[in-house]
Amino acid sequence: MALDKNKVLKAHKKVGGKIRTAPSVALKSKDDWSTFYTPGVGLISEHLAQYPRDARVMSFKKNSVAVVSDGSAVLGLGNLGPYGALPVMEGKALIFKSVADIDAVPIVLDTHDPDEIVRTVIAIAPAFGAINLEDIAAPQCFDIERRLIKALDIPVMHDDQHGTAVVVLAGLINAAKVTKRDLNTSRVVVNGVGAAGTAVMRLIKKFAPHVRIVALDSQGVIGVGRGDLNADKRALISDRIVFAGGDGDLSSAIQGADIFIGLSKAGVLSGELIKKMNKHPVIFALANPVPEIMPDEAIRAGAAVVATGRGDFDNQVNNALAFPGIFRGLLDSGAKKVTDKMQLAAARALAELIKKPTAKNIMPSVMDSRVVKAVARAVARAV
């Protein structure tokens, strides 16, 4: 469904931004002013200076998330910088508040320097209960996330990596049920080894340790013979996440595969390639806004289950199903880090919301009111 650009521009000009700040107390009396501002606020200042951990229960920090981006990888549109990132970060904040009652603040940084990004986030962290990194390009995003996790005592999560991984795994769990597969004995081809692709493969491997994954970037299969791999791609080999004995392109890699996961670009998968896969293959074509293959073409070629990132097709795999509930669970439980155990619990909780998966129904809707509560409970239990 094509959007009317003028209509969208007009809507945003009319509201002047998708979020606002709102008070949690009313200043109706002199006592209110004295308690919540001066002189009462001075007592709280002195207390938190002496006992900073109490900020988690006595300040904005209790229920707040900073949504941080440098605009280097905005949606599927590339490096749009801080102003290009701002409406997306506002949108994330809108979702946080609307579905999880979390106070999120969009913070866009006018720098792509990892050192400066890390310093800035560390400097603003005292005001927030968690940090959601967003739309930061690979491979810098991996280093930035690792350093912030090490430096801070609040959860840090790059949603493009881990939110995506959780929803993809949830969808795969149910797609495997529909096609009567065991992920541990399946052969998976992942096309796209950026932030999302890397995290997806690592989480799938945590869930199904014996799954065989072949990964491809723009130059072909990630293999031991490649001398052009960066450290994070080499780690996929050394950590035994991917089967790295082969080479070649997608046409050769997809031969005999059970599952295709695309986190790359439009049009890279064809019906002819799907016909090279095993019977009743599963296709996750997640490039946005145009997937690697359109669902109708994939189904004509024999695909049993097709998922995309779009809301106008069946089986939308969208990280909005994951991140609000994950952060709700993190804040409610007082967690200091996001762990694999939490992510696996979130994926299972999402999958279990679909009691009887079918080819056209493997994922709950982003408008399903059960989603945030189920994911938050699962994460909190895993803490």
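# Packing of helices and sheets

Leaving aside neighbours within four places in sequence, Arg202 is in contact (heavy atoms within 4.5 Å) with Ala235, Leu236, Asp239 and Ile241. The model is predicted, with local features requiring pLDDT of at least 70 and side-chain atom pairs counting only at pLDDT 80 or more, while totals for chains, interfaces and linings use all residues. Residues are numbered from 1 along each chain as its sequence is written, and side-chain values use heavy atoms, with hydrogens and water left out.

Arg202 belongs to helix H9, which covers residues 195-207. Helices (H or I, at least four residues) and strands (E, at least two) are DSSP runs numbered from the N terminus. Arg202 counts as partly exposed because its relative accessibility is 29%; buried means under 20% relative accessible area, exposed over 50%, and partly exposed in between (1.4 Å probe, protein chains only). Arg202 and Leu236 are 34 residues apart along the chain, and their C-alpha atoms are separated by 8.2 Å.

**The four-stranded sheet**

An open sheet of 4 strands has the order E2-E1-E3-E4, with parallel pairing; two strands pair if DSSP finds at least two bridges between them. Strands E2 (103-108) and E4 (156-158) are the edges, each pairing on one side only. On average, neighbouring strands of this sheet are turned by 20 degrees against each other, direction ignored. Ala66 has Val105 in E2 as its bridge partner. Helix H5 packs on this sheet, touching E1, E2 and strand E3 (130-133), and its direction makes about 170 degrees with that of E2. Helix H8 also packs on the sheet, where it touches E3 and E4, at about 80 degrees to the direction of E4.

**The six-stranded sheet**

A further open sheet contains 6 strands in the order E7-E6-E5-E8-E9-E10, and its pairing is mixed. Its edge strands are E7 (220-221) and E10 (305-308), each of which pairs on one side only. Within it, strand E5 (residues 187-191) is largely enclosed by the rest of the structure, because 5 of its 5 residues are buried. Arg187, Val189 and Asn191 lie on one side of E5, and Val188 and Val190 on the other. Val190 has Ala215 in E6 as its bridge partner, and Val282 stands opposite Val305 in E10. Helix H8 (residues 159-178) lies across E8, E9 and E10, running at about 155 degrees to E9.

| Strand pair | Bridges |
|---|---|
| E1 (residues 64-69) and E2 | 6 bridges |
| E5 and E6 (residues 212-217) | 5 bridges |
| E9 (residues 282-285) and E10 | 4 bridges |

**Helices H5 and H14**

Helix H5 (residues 81-100) packs against helix H14 (residues 323-333) at about 65 degrees, with the axes 9 Å apart. Axes are lines fitted to C-alpha atoms, for helices over the stretch in contact, and angles run from 0 to 180 degrees between N-to-C directions. H5 and H14 are therefore roughly perpendicular to each other (a term for angles of 65 to 115 degrees). Lys92, Ile95, Phe96, Val99 and Ala100 in H5 meet Phe323, Pro324, Phe327 and Arg328 in H14. The residues of this contact divide into 7 nonpolar, no polar and 2 charged (Ala, Val, Leu, Ile, Met, Phe, Trp, Tyr, Cys and Pro count as nonpolar, Asp, Glu, Lys and Arg as charged, and the others, Gly among them, as polar).

Gly325 also lies in H14. Gly325 is buried because its relative accessible area is 1%. Apart from neighbours within four places in sequence, Gly325 is in contact with Val372, Val375 and Ala376.

How values were computed
Parallel < 35°, antiparallel > 145°, perpendicular 65-115°, else oblique.
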